Amino acid sequence: NLLPLFKINSVKELLAKSVNYQNICLEIGFGYGDLLIKEANQNRNNLYIGCEPFINGVISLLHKIQINNLHNILIYTDDARKLLALLPDSFL
C-alpha cells in the first residue's frame, strides 16, 4: 500500500516533488534502508532518493518510513543508471 506514495514513476514527477527541499541526495543500493532513514530523520529539509531493485530492501525501507513518519524519501525500484541518465545536470 505504501509503495505508490513513495515510488518515482517519472522524472517529471520527481522534479515537481523536489522543489520544496533544500538539497536532493541520492543513495544507490540502500540495502535495508538504515542509513537512508537516519539521514532523512536528521535532515527533514532534504529530499532523499533511494535506488534499490531488490524488493526485500524496498519493503524494509517502506516499513521504516512508516514507523518514522517520514515524507522526504522517494524510492526508485529499477537500475539507478536509468534514473541518472534522465536527471538534469546539477540536479543532485
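In the predicted model, helix 3 spans residues 34–42 and has Leu36, Ile37 and Ala40 buried. These three residues lie on the same side of helix 3, because the arc they cover around the axis is only 95°. An α-helix has 3.6 residues a turn, so residues three or four places apart point the same way. Asp34 and Gln42, on the other side of helix 3, are exposed. The cover over the buried residues of helix 3 includes strand 1 (23–28), strand 2 (46–51), helix 4 (55–68) and strand 3 (73–76).

The chain contains five helices and three strands, arranged along the sequence as α-α-β-α-β-α-β-α. Its radius of gyration is 12 Å, close to the 12 Å given by the globule rule for 92 residues, so the chain is as compact as a globular protein of that length. The C-alpha trace spans about 30 × 25 × 20 Å along its principal axes. Of the 92 residues, 39% count as buried. Among contacts between residues at least 6 apart in sequence, 71% join residues at least 24 apart. The accessible surface of the chain is about 5,600 Å², and carbon and sulfur atoms account for 53% of that area.

Zero disulfides were found in a search of the whole structure. For Cys25, the closest cysteine sulfur is that of Cys51, and the separation of 12 Å is too far for a bond; the cut-off for a disulfide is a sulfur pair within 2.5 Å. Cys25 is partly exposed, with a relative accessible area of 24%. Cys51, likewise in no disulfide, is buried, with a relative accessible area of 2%.

Notes
Residues are numbered from 1 along each chain as its sequence is written. This is a predicted model: local features need pLDDT of at least 70, side-chain atom pairs count only at pLDDT 80 or more; totals for chains, interfaces and linings use all residues. Side-chain values use heavy atoms; hydrogens and water are left out. Buried means under 20% relative accessible area, exposed over 50%, partly exposed in between (1.4 Å probe, protein chains only). Helices (H or I, at least four residues) and strands (E, at least two) are DSSP runs, numbered from the N terminus. The arc is that of the directions from the helix axis to the C-beta atoms. Contact means heavy atoms within 4.5 Å. The radius of gyration is taken over C-alpha atoms; the globule rule is 2.2 Å times the number of residues to the power 0.38. Accessible areas come from the Shrake-Rupley method with a 1.4 Å probe; for residues, only the protein chains shown count as cover.
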